[in-house]
Amino acid sequence: MTKIAILDDYQNVARHYANWADLPPGAQVTMFHENLATTDIAAEKLAGFDVVVLMRERMPMPKALIDRLPNLKLVITTGGSNRSLDKDHAKSKGIVCCFTRGGDSTATTVETALALLLGHGRGLVHEDRMMREGKWQTTIPTTVAGKTLGVVGLGRLGARMARICKALDMKVIAWSTNLTPEKAAAQGVDYVSKEELFSRSDYVSVHLVLGERSRGLIGAADIARMKKTAVLINTSRGPIIDEQAMLAALREKRIGGAGLDVYDIEPLPADHELRRLDNALLSPHLGYVSDATYHEYFEDIVDNIGKWMAGTPVRVMA
């Protein structure tokens, strides 16, 4: 019997996105719908499994966990890469690490960032809530045309966000540690200093990869420079922003709001303060989630497991 664990199937949809009956005889699949929140819990729940399938970076797979899974022979991560998987250590123990298609979430992530921006600008979430309470026109929305968007990180995602917002007649400025005036100009965007970006922007949208240099990159001093009406949008990774500094600014109404798809702890705890702040527009890390992507993820998972069980693994991580 080959025991297979599918982790973090939050919406209980994994069974519908692929034909699991295509797996060879002897494959026993278990879907986990709740996050295994700690290494101890994960080690206890996964100890007997031969195969563990990770949904992106919802559940880290560090050395400390790998060493506590004696039966583990195959790890599959959805998407082309996974920074929370210690694949080098896994491979050193003879564990095969595979990936799936669906790794480019540029469109879905930027669409999520744009939805958060427009949701704030047009007051849609608040007005929807008021409509359901029988009320009518309780806010005065703004228009994003003519407003300034500050893009932190002008890579693939940031450049796409800039193009779309320019089409909405927004003024776009950008900064990151590696950005140059020449690179910004090539995207039709003005390069500014970090200080100027936070002081000038009506909306700040973060598009960076989380790493040692970007962890905590946006701190209290940056948030303090923001306009009282400005909105901070993050669809990258929670720890890029100093969460406590952001919470204080939202709580004290020192900024206009935040539009967040990512958090320091995911899933966001039910009692987290962000859930109680009316100037925080929240989505549950949907930036990479789409129907088409899930089809690719789970179809490839079934294919990966079947090929591995047949002795011919595919999409093996380098």
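Predicted model: local features only at pLDDT ≥ 70, side-chain atom pairs only at ≥ 80, totals over all residues.
Local features are taken where pLDDT is at least 70 and side-chain atom pairs only at pLDDT 80 or more, while totals for chains, interfaces and linings use all residues. Residues are numbered from 1 along each chain as its sequence is written, and side-chain values use heavy atoms, with hydrogens and water left out.

Five strands, in the order 2-1-3-4-5, make up an open sheet with parallel pairing. Strands here are DSSP runs of E with at least two residues, helices are runs of H or I with at least four, and both are numbered from the N terminus. Two strands count as paired if DSSP finds at least two bridges between them. Strand 2 (27–31) and strand 5 (96–99) are the edge strands, each pairing on one side only. From one strand to the next, the twist averages 20°, where axes are lines fitted to C-alpha atoms (for helices, over the stretch in contact) and angles run from 0 to 180 degrees between N-to-C directions. In general, strands of a sheet pair through backbone hydrogen bonds, either parallel or antiparallel.

Leu74 has Val96 as its bridge partner in strand 5, and Val75 stands opposite Cys97.

What covers them includes strand 1 (2–6), strand 3 (51–54), strand 4 and strand 5. Among the buried residues of helix 11 are Tyr294, Tyr297, Phe298, Ile301, Ile305 and Trp308; buried means under 20% relative accessible area, exposed over 50%, and partly exposed in between (1.4 Å probe, protein chains only). The 19 residues of helix 11 should span 27 Å, and its end C-alpha atoms are 27 Å apart, which agrees; the expected span is 1.5 Å times one less than the number of residues.

Lys307 is also in helix 11, but it counts as partly exposed because its relative accessibility is 32%. Leaving out residues up to four places away in sequence, Lys307 touches Thr312, Pro313 and Val314, contact being heavy atoms within 4.5 Å. Just after the helix, Gly311 takes a positive phi of about 90°.

Asn35 sits in the loop between strand 2 and helix 1 (39–46). With a relative accessible area of 19%, Asn35 is buried. Its side chain makes a polar contact with the side chain of Asp8 at 2.8 Å. A polar contact is a pair of N or O atoms within 3.5 Å; within protein, one must be able to donate a hydrogen and the other to accept it, and residues adjacent in sequence count only if both atoms are side-chain atoms. A polar atom of the Asn35 side chain also lies 3.2 Å from the backbone oxygen of Arg58. Beyond four places in sequence, the contacts of Asn35 include Tyr10, Met59, Glu266 and Pro267.

Gln187 lies in another loop, between helix 7 (181–186) and strand 8 (190–191). Gln187 is partly exposed, at 30% relative accessibility. Apart from neighbours within four places in sequence, Gln187 is in contact with Leu154, Ala159, Arg163 and Lys166.
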